[in-house]
Amino acid sequence: MQTFFKSDMEPRAIRKARASAERRAALNAAYEEVDARDGGYCWVTGRYTQPGAVDARVRREHHHLEPRSLEKGRIADPSNIVTVCAEAHSLFKSGWLVSEGTDTRKTVRFHWTKLATYRPFQIKSRRWSANRD
């Protein structure tokens, strides 16, 4: 029998904390699956990466092909996540690098934007699309 007393309901803070923990666990599981799929190699540079490394060229991070803020349903979807080194990830965030493709099961290409007056590394994938900027 359902009651309508506040003392019988779960506090909102507890519900929110539980939901947040579930989302974090799902994202961590997706990251583990991505690490196993990619073998620790950066999709952009081809470098081997290590979690927690001091050097940004070898520190492992994860990049969402479709931004987390735009595609809430694909946040924990491994087909939306690629392994990248921290150096490449910072260039994605600053707008120097862009990805073309939204699913790792299909072709994904990376290329420099016009902002990239200096290119600190070569992109592993040399394939360019017809509509690059």
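**Exercise 1. Which residue in β2 is the bridge partner of arginine 60?**

Solution. Start with the model itself. It is predicted: local features need pLDDT of at least 70, side-chain atom pairs count only at pLDDT 80 or more, and totals for chains, interfaces and linings use all residues. Residues are numbered from 1 along each chain as its sequence is written, and side-chain values use heavy atoms, with hydrogens and water left out.

Now find the strands. The protein chain has 2 helices and 4 strands. Here helices (H or I, at least four residues) and strands (E, at least two) are DSSP runs, numbered from the N terminus. Along the sequence they follow the pattern α-β-β-α-β-β.

Next, look at the pairing. β1 and β2 run antiparallel and share 5 bridges. Two strands count as paired if DSSP finds at least two bridges between them. In β2, the partner of arginine 60 is cysteine 85.

**Exercise 2. Decide how many residues of β2 are buried, and on which faces.**

Solution. Buried means under 20% relative accessible area, exposed over 50%, and partly exposed in between (1.4 Å probe, protein chains only).

Then sort by face. In a regular strand, side chains alternate between the two faces of the sheet. One side of β2 carries Ile81, Thr83 and Cys85. The other carries Val82 and Val84. Both sides are covered.

For the whole chain, 34% of the 133 residues count as buried.

**Exercise 3. Work out what covers the buried residues of helix α2.**

Solution. List the buried residues. They are Ala86, Glu87, Ala88, His89, Leu91 and Phe92.

Then look for the cover. It includes β1, β2, β3 (97–100) and β4.

Finish at the end of the helix. Glycine 95 follows α2, and its phi is positive, near 90°.

**Exercise 4. Trace the salt bridge of arginine 47 and say which parts of the chain it links.**

Solution. Take the rule first. A salt bridge is a side-chain nitrogen of Lys or Arg within 4 Å of a carboxyl oxygen of Asp or Glu. Side chains of opposite charge can pair when their charged atoms come close. The whole structure holds 8 salt bridges.

Find the partner. Arginine 47 meets glutamate 87, with N to O at 2.7 Å. Arginine 47 sits in the loop between α1 (12–38) and β1 (60–64), while glutamate 87 is in helix α2 (residues 86–94). The two are 40 residues apart, and the pair links distant parts of the chain.

Arginine 47 is partly exposed at 23%, whereas glutamate 87 is buried at 16%.

**Exercise 5. Classify the aromatic pairs of tyrosine 41 and tryptophan 112.**

Solution. State the test. Rings of Phe, Tyr and Trp (its six-membered ring) pair if their centres lie within 6.5 Å; planes under 30 degrees apart count as stacked, over 60 as edge-to-face and the rest as tilted. The structure has 3 aromatic pairs.

Apply it to tyrosine 41. Its ring centre is 5.3 Å from that of tyrosine 48, and the planes stand at 70°, so the pair is edge-to-face. Tyrosine 41 is partly exposed, at 43%. Tyrosine 48 is also partly exposed, at 43%.

Apply it to tryptophan 112. Its partner is phenylalanine 121, at 5.2 Å centre to centre and 45° between planes, and the pair is tilted. Tryptophan 112 is buried at 4%, and phenylalanine 121 is buried at 9%.

**Exercise 6. Find where pLDDT stays under 50.**

Solution. Begin with the average. pLDDT is the predictor's confidence in each residue, from 0 to 100. The chain has a mean of 86, and 87% of its residues reach 70 or more.

pLDDT stays under 50 over residues 126–133. The model gives this stretch 14 contacts (heavy atoms within 4.5 Å) beyond four places in sequence.

Take care here. Where pLDDT is low, the predicted coordinates should not be read in detail.
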